[in-house]
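Reader: I would like a close look at one part of this protein, the nonpolar and aromatic side chains. Could you take me through them with care, starting at the surface?

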Amino acid sequence: MIGAARALFLLSVLIQGVVSTESNCKIILPESLTGYIGLCMLIPCNYSHAGILNTSQFEAGWYKQNQTSSPVTIYDVVQYFIHQDYRFRTQLIGNLTELDCSLAINSIGDGDDGTYYFRIKLLDLNQTCKSAPLSITVSDLELKPNISSTSTIVENVKSTLTCRFHHYCGGIAPNLTWTNITALNISSSFNGTESDGTNSVFSISLTFLPAAEDDGKQMGCRAQYNRSNTESSQTFLLDVQYGPKIDLMKEITVNESDQVTIECIVNSNPVSNIMWLKNNRSIVSAVNKSLTLEINNISHRDTGYYCCRARNAYNTVQKILNFTVNYGPRIEPMDQPSGMLEGHPLQLDCLVNSHPLSNITWSRDGAVLNWTVSEKLTLSNAAVRESDSGLYTCSAWNPFGNANLSVDIQIEYAPRNLSIVVPDNGTIISTIWTDEGSALSLLCSVESIPPSNLTWRVNGSPRNFSTGSNGLWLHFENVTYLEDGGHKCVAMNTHGKAQGSVNVRLRYSPKEISVRINGTQQGVREGDNVTLTCFCKSNPPVTNYSWFHVHDKATEFVGSSKTLNLGIVSRDNDESSYNCKAENELGSSSSPLWQLSVEYMPEFTQESRCFRDKQKVTCTCVAYSNPPGNLTWHLPHASYNSNITHGIWESWQFQDGDQVIGSLTLTGLQDEEEVMASCSVRNLHGEAMFKVYLWVQGDGLRRDQIVLGAVAGALGMLILSLLLCQIFICCRRNEKRHPIDRTELEMLTGQPMLVRSFSLVAEEEVGEAEADPQSEEADAQMEDADTQTEQTQVLVEETGPQIEVGGEAGSPKTVENGEAGQEVEELHYACIVFSKPSASDEIVGRRDSTQYAQIKPQ
């Protein structure tokens with residue numbers, strides 16, 4: 001009789017089940033089970049099939065294997081073939097249509113040991129599935145209750161205890177009672193019947209409010225079975241969890257050097273972590289029911305408050321213990337007063353540690369100044385004097401000992417009564433007269449506490465010093481003119497300073513002779529009116545001055561006064577040197593040679609020019625200046641002031657005295673119509689600039705243009721002018737103009753443009769062409785004109801007084817070409833403009849539109 005569908009008692013099932021599979025069918029059973037005599041057993045079983053099936057069409061049964069005969073049917077869905085030993089004891093509690101094949105067996109007996117299996121036949125698929133074998137073991141069971149709690153029993157937290165009894169299948173509920181529960185704070189009690197899924201269980205429960213005192217109490221539960229007149233009971237100890245509780249501790253008073261043991265006892269469940277602390281610092285700790293603190297050789301430092309702290313999962317508590325040590329007085333160290341200045345207030349505090357309190361006194365030279373019974377005694381003086389210096393003592397005593405501490409008070413003051421004496425006569429002096437080369441000694445003395453740092457200064461410069469001394473000597477074996485003047489002694493300590501001085505007057509011949517320029521601090525510039533002055537030191541004063549001019553290793557007397565006027569100077573005077581001589585009654589001395597250096601702003605020389613060969617153009621700048629100037633090359637997109645190579649540009653420079661030389665090289669043929677470069681030289685007096693315009697190769701005049709020009713010249717100036725104007729306009733259509741204003745060029749050179757006399761071969765040939773257009777000489781001249789138009793023009797602008805184009809006009813140069821010494825006439829080029837100049841009078845410098853003709857010097 002099963003009762004509720006799952007009021008079954010299954011006592012042991014192995015965790016790992018057995019799975020049997022045939023084709024697409026799978027049956028899951030435990031490997032083994034244990035049943036107890038007289039109780040119920042539940043055999044869990046599930047099956048599954050991978051395909052689609054009609055689970056209402058099947059044949060199923062449970063079977064027990066028999067070693068000597070066919071298997072015994074213990075359950076069948078049609079109930080026709082169940083063995084008589086199992087009839088009315090087995091029941092299929094699972095629903096086969098829900099794939100649950102679980103079986104219950106009532107009233108387990110000794111004969112139920114054996115091997116079982118489950119088999120199901122799926123009619124619609126015509127397949128039979130059989131499970132793996134299940135081993136069942138039968139054992140005796142002593143009925144004992146199982147006691148459980150709904151949660152951990154914690155102090156002051158409501159808890160429920162339940163006592164459960166396993167029972168026979170289909171039996172009547174036993175009589176359940178609690179034992180030894182009178183001391184509990186019970187709030188409710190009830191009985192019940194329940195199932196844990198595999199067992200039939202009767203239970204009794206109670207709810208109570210636990211207290212710490214309930215921990216460890218014995219209680220129990222009992223079941224009386226009326227059917228069998230048997231009784232089952234169980235006792236147990238309550239396990240109540242609660243936070244720590246520390247037993248009361250009393251204050252402790254001991255004497256220094258004693259030994260003491262202090263125990264902190266803690267009640268808690270679970271056991272607490274106990275810790276002894278002093279001044280919030282841990283001394284010792286342990287997880288235990290008590291913790292002992294031992295203090296050996298107790299000192300006054302052990303005085304204070306000790307804390308016993310206990311902690312577990314439910315609470316943290318602590319108790320403070322006042323620990324008192326009796327000990328003799330200890331006087332805390334006092335700062336030694338430093339820099340106690342006369343007239344200032346004095347305060348000395350004597351701090352004493354002792355238990356009990358000590359008698360404290362301040363005394364000086366054995367005389368008691370004041371006293372008290374306390375922890376502190378103060379000695380004060382509103383305004384100390386030098387006579388208050390001395391040894392002050394603080395004394396303290398109580399029944400456990402005594403102590404003394406002394407302080408040496410030294411009243412200090414700033415330096416005073418400073419004096420300077422001459423040891424020969426011991427008198428204080430203010431002025432001393434002596435001759436150069438004699439011996440001299442001075443003594444500086446002062447009064448001060450603490451001792452002063454003394455320093456002798458001669459004419460403001462430190463000469464001798466001492467540290468922590470109230471006397472300092474100043475000795476001279478042979479005084480020189482450098483010691484002439486004020487001699488000061490300075491005394492200084494932490495409170496102030498004092499000083500005194502003596503004036504030493506020396507007689508000496510002229511010293512430190514020097515030549516200086518009047519009226520300028522920036523050097524001599526060209527055009528200045530220069531006056532020199534002779535300076536020196538002497539006592540008595542100079543009676544005679546002499547000036548000398550040194551030039552080309554020759555010396556010439558030029559003046560006899562303190563000053564010498566040189567007049568207006570120029571750079572031609574640079575090699576001149578001067579010195580002066582000064583005399584008094586004790587001797588004479590001369591100054592070093594003074595070199596005249598005339599300064600001027602940079603100026604370029606005629607060596608500044610440009611040259612071109614087939615592969616490069618080289619420009620050179622040469623300038624003079626004093627002081628030497630800094631040279632910079634300025635290019636369209638960069639500037640260089642040092643030796644550098646950058647792409648097609650290369651620059652270098654060096655200085656030689658007042659001369660600075662720079663070179664700029666452009667390598668390779670360029671496609672640009674025009675390149676402009678310039679160099680500048682700057683010093684502190686100004687800047688000079690030298691500009692260079694570089695034109696790349698032009699197209700020149702074609703032969704037919706020159707022939708056409710010659711024919712037009714024969715027809716008349718009017719027709720020639722009109723034709724040349726038309727050619728000029730055609731040349732300008734494909735080009736841009738870059739005009740150079742003549743006014744600008746004149747401003748760069750500093751003078752008007754100069755016109756030189758040349759014979760123009762082109763004009764002569766045009767004239768000849770008018771007479772004989774077919775002549776061979778005219779053709780040759782036209783070929784020369786075409787050849788010259790292929791040359792590259794270099795136009796140079798200079799900020800100096802001269803403009804050079806292609807070299808000096810009219811001066812042929814000798815060039816090595818073939819045999820040595822062969823002279824080749826240098827070619828000069830000029831820009832020919834075949835149109836009337838405009839009102840602005842500009843010069844056109846353009847690659848294609850500018851034409852060239854050969855010019856021969858007359």
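Author: In this predicted model, the loop between strand E8 (72-76) and strand E9 (90-92) is where Val77 is found. Val77 counts as partly exposed because its relative accessibility is 31%, and together with Val78, Tyr80 and Phe81 this residue makes a nonpolar surface patch of about 420 Å².

Turning to aromatic rings, a search of the whole structure finds 8 aromatic pairs. One of them is formed by Trp62 and Phe118, whose rings are tilted, with 5.3 Å from centre to centre and 45° between the planes. Since Trp62 belongs to strand E7 (residues 58-64) and Phe118 to strand E11 (residues 114-122), the pair ties together parts that are 56 residues apart in sequence. Both partners are covered by protein: Trp62 is buried, with a relative accessible area of 0%, and Phe118 is buried as well, with a value of 1%.

Another pair, that of Trp652 and Phe654, is stacked, the centres being 5.8 Å apart and the planes 5° from one another. Here Trp652 is partly exposed at a relative accessible area of 36%, and Phe654 is likewise partly exposed, at 40%.

A polar atom of the Asn398 side chain lies 3.2 Å from the backbone oxygen of Tyr327. Apart from neighbours within four places in sequence, Asn398 is in contact with Tyr327, Gly328 and Pro329, and also with Ser354, His355, Pro356, Leu357 and Ser358.

Definitions and conventions: Residues numbered from 1 in each chain as written. Predicted model: local features only at pLDDT ≥ 70, side-chain atom pairs only at ≥ 80, totals over all residues. Heavy atoms only, no water. Patch = residues over 30% accessible without salt bridge, like charges linked within 9 Å, V, L, I, M, F, W, Y side chains within 5 Å. Areas by Shrake-Rupley, 256 points an atom, 1.4 Å probe, with all protein chains shown as cover. Salt bridge = Lys/Arg side-chain N within 4 Å of Asp/Glu carboxyl O. Helix = DSSP H or I, 4+ residues; strand = E, 2+ residues; numbered from the N terminus. Buried < 20%, exposed > 50% of the residue type's maximum accessible area, 1.4 Å probe, protein only. Polar contact = N/O pair within 3.5 Å; in protein donor to acceptor, adjacent residues only side chain to side chain. Contact = heavy atoms within 4.5 Å. Phe/Tyr/Trp six-rings, centres within 6.5 Å; stacked < 30°, edge-to-face > 60°.
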